[in-house]
Amino acid sequence: MLAKFQEHIENQFPELKVKKFLLACSGGLDSVVLAKLCHKIDLDFDLAHCNFNLRGAESDHDENFVKNFANDLGIRLFVNHFDTIGYVNKNKVSVEMAARDLRYAWFAELMKENTIDILVTAHHADDALETFLINLSRGTGIDGLKGIPSKTSVLARPLLPFSREEILSFAESTGLKWCEDSTNQDTVHLRNKIRHEVVPNLKELHPTFLDNFQMTQRHLADTSKLLSDYIALLKADLFQIETDFIRIPISKLVGLNPLKTYLFYLLSPYGFTAWNDIKDMLTGPSGKEVQSHTHRLVHDRDYLLLEELNIAEKGQFLIQKVTTEITTPINLVVSEVDSLEETSENILYVDKSTLKYPLVVRNWKKGDYFYPFGMTGKKKLSKYFKDEKVDVISKHKQWLLCSGEDIVWVIGKRTDNRFKVKPSTKQILRFTWIK
């Protein structure tokens with residue numbers, strides 16, 4: 001196994017030969033063998049051990065074993081103790097999820113503090129099979145079936161091609177000792193039940209069952225890559241990138257079949273899960289909206305508009321008499337001038353005497369109206385937006401400059417007649433919006 005492992009590292013994980021990494025070591029068979037293999041081929045790494053304080057003296061025994069093991073190898077070891085049950089009670093999660101959250105958060109801290117880029121874990125081929133069966137039992141798509149990735153930008157799993165049988169054989173042939181976690185025998189837990197009662201029966205079906213499974217997962221991974229490339233091409237055709245949002249033509253979406261599957265692959269990266277609601281939006285009235293934790297999807301006439309939620313933060317910002325510039329929420333420069341000079345949609349000139357301080361910069365709200373420059377009478381802002389064909393997202397983010405409750409400027413679009421500069425004006429203020 002050592003020669004096979006070394007060849008695997010050279011071909012698939014060359015970065016581990018030149019970079020120091022952190023290896024998670026529980027003291028169990030898999031992580032002890034991985035540490036021993038890495039040490040034998042002279043890789044540079046530190047060990048990290050988590051004591052979750054869940055098994056009393058057994059947890060402390062595992063910690064002491066790993067300390068002695070690290071000392072024998074001459075490898076630096078980091079150890080941390082966790083109040084796992086306290087975390088469970090506080091966050092209302094399972095013990096397994098709590099342990100996962102705690103260890104990966106600590107690993108990230110360790111890596112940052114010690115300038116380490118890669119975490120190495122001891123997941124192997126049997127782990128991948130168990131995960132596949134767990135996901136299959138719960139219902140999943142191709143992403144849930146293609147398996148545990150061998151590497152990410154910060155995580156490496158160099159034991160994935162190796163079976164538990166190979167790992168055990170190496171340990172026994174080299175006289176390695178390891179710790180046995182008594183909870184691994186408890187078949188109340190789904191993974192343990194699959195490990196001890198399901199997988200052995202599957203392996204009896206065919207002498208090369210695990211090899212065949214690994215081949216199937218490679219095929220699934222290739223299919224997933226093909227699908228990902230196709231979705232990227234589809235997005236390039238459908239997603240019209242605007243400054244702060246994405247415009248998606250509904251006419252093209254409704255022609256996709258199966259529609260909900262397409263919606264999943266196009267929109268799930270933005271956190272959406274309410275596929276029936278999104279599907280209904282396509283034939284519903286304008287203004288319908290669905291939100292994920294991070295994004296908003298709005299039906300606006302012939303399009304769906306996709307926007308990050310944090311872009312359109314509501315609020316109001318004051319401009320005092322002495323203010324010459326604000327930078328939040330937009331960059332607005334205020335200056336006193338003698339005459340009307342440069343003009344553009346980003347510049348406003350007003351009669352200073354018509355203003356009531358403090359001025360307010362805010363988003364529009366329902367019921368807003370103004371007296372558009374060049375027209376007689378007032379107009380609701382909602383009607384103005386409709387006439388100007390302003391989309392829902394842009395309308396949502398539109399900023400107004402106001403004097404009291406009166407709109408002075410629909411910023412970047414239209415000014416209000418009541419504040420215009422007249423021949424009798426003695427003081428002129430210039431507002432410049434710097435995009």
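Reply:

Helices (H or I, at least four residues) and strands (E, at least two) are DSSP runs, numbered from the N terminus. The model is predicted, so local features need pLDDT of at least 70 and side-chain atom pairs pLDDT 80 or more, while totals for chains, interfaces and linings use all residues. Residues are numbered from 1 along each chain as its sequence is written, and side-chain values use heavy atoms, leaving out hydrogens and water.

β1 and β4 pair in the parallel sense over 3 bridges; two strands count as paired if DSSP finds at least two bridges between them. With β2, β1 also pairs in the parallel sense, over 4 bridges, and there A24 stands opposite A48. Strands of a sheet pair through backbone hydrogen bonds, either parallel or antiparallel.

These pairings belong to an open sheet of 5 strands in the order β3-β2-β1-β4-β5, with parallel pairing. β3 (77-81) and β5 (155-156) are the edge strands, each pairing on one side only. β1, α3 and β2 together make a right-handed β-α-β unit; right-handed means that, with the strands pointing away from the viewer, the path from the first strand over the helix to the second runs clockwise.

Which way do the side chains of β1 point? F21 and L23 point one way, and L22 and A24 the other way. In a regular strand the side chains alternate between the two faces of the sheet. All four of these residues are buried, that is, under 20% relative accessible area with a 1.4 Å probe, protein chains only.

Leaving aside neighbours within four places in sequence, L23 is in contact (heavy atoms within 4.5 Å) with S31, L34, A35, C38, F45, D46, L47, A48 and V120.

F21 and L23 are also among the residues that touch the most other members of the largest nonpolar core, which has 35 residues. Such a core is a set of buried Ala, Val, Leu, Ile, Met, Phe, Trp, Tyr and Cys residues joined through side-chain atoms within 4.5 Å. Elements giving two or more residues to this core include β1 (21-24), β2 (45-51) and β4 (118-120), and α3 gives the most, with 7 residues. In soluble globular proteins, nonpolar side chains tend to be buried together.

Note on methods
Buried means under 20% relative accessible area, exposed over 50%, partly exposed in between (1.4 Å probe, protein chains only).
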